[in-house]
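Please look over the structure below before reading on. The briefing that follows takes up single residues and helix packing, topic by topic.

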Amino acid sequence: MFIFVYFEWGIIMKRQNYLFWDLNQLKSLIKSGELNADQKYFILIHTAAHNIKEAPVFAQSVAELFPNSSVVGTSAVSIIYCGKLYTERCLISFVSTERTDINTAVISYKGRSAKELADETADKLIGYNTKAMLCYFADPYADVYDYASILDKKYPDVKIAGGIADSTDGEAFVFTAD
């Protein structure tokens, strides 16, 4: 029942996507120089392979490999990668940025109005130079349209994107490494 949000402030980005099956794969990417363990990434995990208890543990393991990075994720029913559909896999996106700060937060939206949620989002995360925001909801939020509309009217220069997490067992979730 949470939302997590990240913001970009400089907006120069490079994104690398990987279909993941084990931590050794990430270690190999570091060893080969394809990924830099010391770089500051925004790491987004969409997992069809982990349950609600396993996903945060996995995210912590990824964060240990990339200690300067922010790690967040969502559950998924399946993953689309290079035109194919995969179950029991993760899509991990590494977003590197220049002149950009990334902030994340987990915010509960249970029982809250769109205005209350938009106000808290703005108070916690939107700054004078915020350019973009990703929002992922753990389950359908009835007021998502009103929430986005309120933020769009109040902050017309902030681009908003995101989605709703899903799972095969009906227990959709979002998670962080924290």
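Gly33 is exposed in this predicted model, because its relative accessible area is 55% and exposed means over 50%, buried under 20%, and partly exposed in between, for a 1.4 Å probe and protein chains only. Gly33 lies in the loop between α1 and β3 (41-47), where helices (H or I, at least four residues) and strands (E, at least two) are DSSP runs numbered from the N terminus. The C-alpha atoms of Gly33 and Lys124 are separated by 36 Å, and the two residues are 91 residues apart along the chain.

This is a predicted model, in which local features need pLDDT of at least 70 and side-chain atom pairs count only at pLDDT 80 or more, while totals for chains, interfaces and linings use all residues. Residues are numbered from 1 along each chain as its sequence is written, and side-chain values use heavy atoms, with hydrogens and water left out.

**Helices α1 and α2**

- Helix α1 (residues 23-32) packs with helix α2 (residues 54-65) at an angle of about 15°, and their axes are 11 Å apart; axes are lines fitted to C-alpha atoms, for helices over the stretch in contact, and angles run from 0 to 180 degrees between N-to-C directions.
- That angle makes α1 roughly parallel to α2, since angles under 35 degrees count as roughly parallel, over 145 as roughly antiparallel, 65 to 115 as roughly perpendicular and the rest as oblique.
- The crossing in which α1 passes α2 is right-handed, a term used if the near helix is turned clockwise from the far one by less than a right angle, whereas anticlockwise counts as left-handed.
- On the α1 side the contact is made by Leu23, Leu26, Lys27 and Ile30, and on the α2 side by Phe58, Ser61, Val62 and Leu65, where contact means heavy atoms within 4.5 Å.
- By class, this contact of α1 with α2 has six nonpolar residues, one polar and one charged; Ala, Val, Leu, Ile, Met, Phe, Trp, Tyr, Cys and Pro count as nonpolar, Asp, Glu, Lys and Arg as charged, and the others, Gly among them, as polar.

**The buried side of α1**

- Gln25, Leu26 and Leu29 are buried in α1.
- These residues cover an arc of only 100° around the axis, which puts them on the same side of α1; the arc is that of the directions from the helix axis to the C-beta atoms.
- An α-helix has 3.6 residues a turn, so residues three or four places apart point the same way.
- The partners against which the buried residues of α1 pack are β2 (13-20), α2 and β7 (90-97).

**Helices α3 and α4**

- Helix α3 (residues 114-125) and helix α4 (residues 144-154) have axes that come within 8 Å and cross at roughly 45°.
- That angle makes α3 oblique to α4, and the crossing of α3 and α4 is right-handed.
- From α3, Ala114, Lys115, Leu117, Ala118, Asp119 and Thr121 meet Asp146, Tyr147, Ile150, Leu151 and Lys154 of α4.
- The residues of this contact of α3 with α4 divide into six nonpolar, one polar and four charged.

**Two buried residues**

- Ala59 is found in helix α2 and counts as buried, at 0% relative accessibility.
- Not counting residues up to four places away in sequence, Ala59 touches Ile45, Val71, Phe175, Thr176 and Ala177.
- Val158 has its place in the loop between α4 and β10 (159-164), and Val158 is buried, with a relative accessible area of 6%.
- Val158 touches Ile126, Thr130, Lys131, Ala132 and Met133, again not counting residues up to four places away in sequence.
- Val158 and Gly127 are 31 residues apart in sequence, and from C-alpha to C-alpha they are 10.0 Å apart in space.

**Positive phi in loops**

- Cys82 has a positive phi of about 50° although it is not a glycine; Cys82 has its place in the loop between β5 (79-81) and β6 (84-86), and at 68% relative accessibility Cys82 counts as exposed.
- Glu88, which lies in the loop between β6 and β7, has a phi near 60°, a positive value in a residue other than glycine, and Glu88 is exposed, with a relative accessible area of 52%.

**A partly exposed strand residue**

- Ser108 is in strand β8 (residues 103-108) and counts as partly exposed, at 31% relative accessibility.
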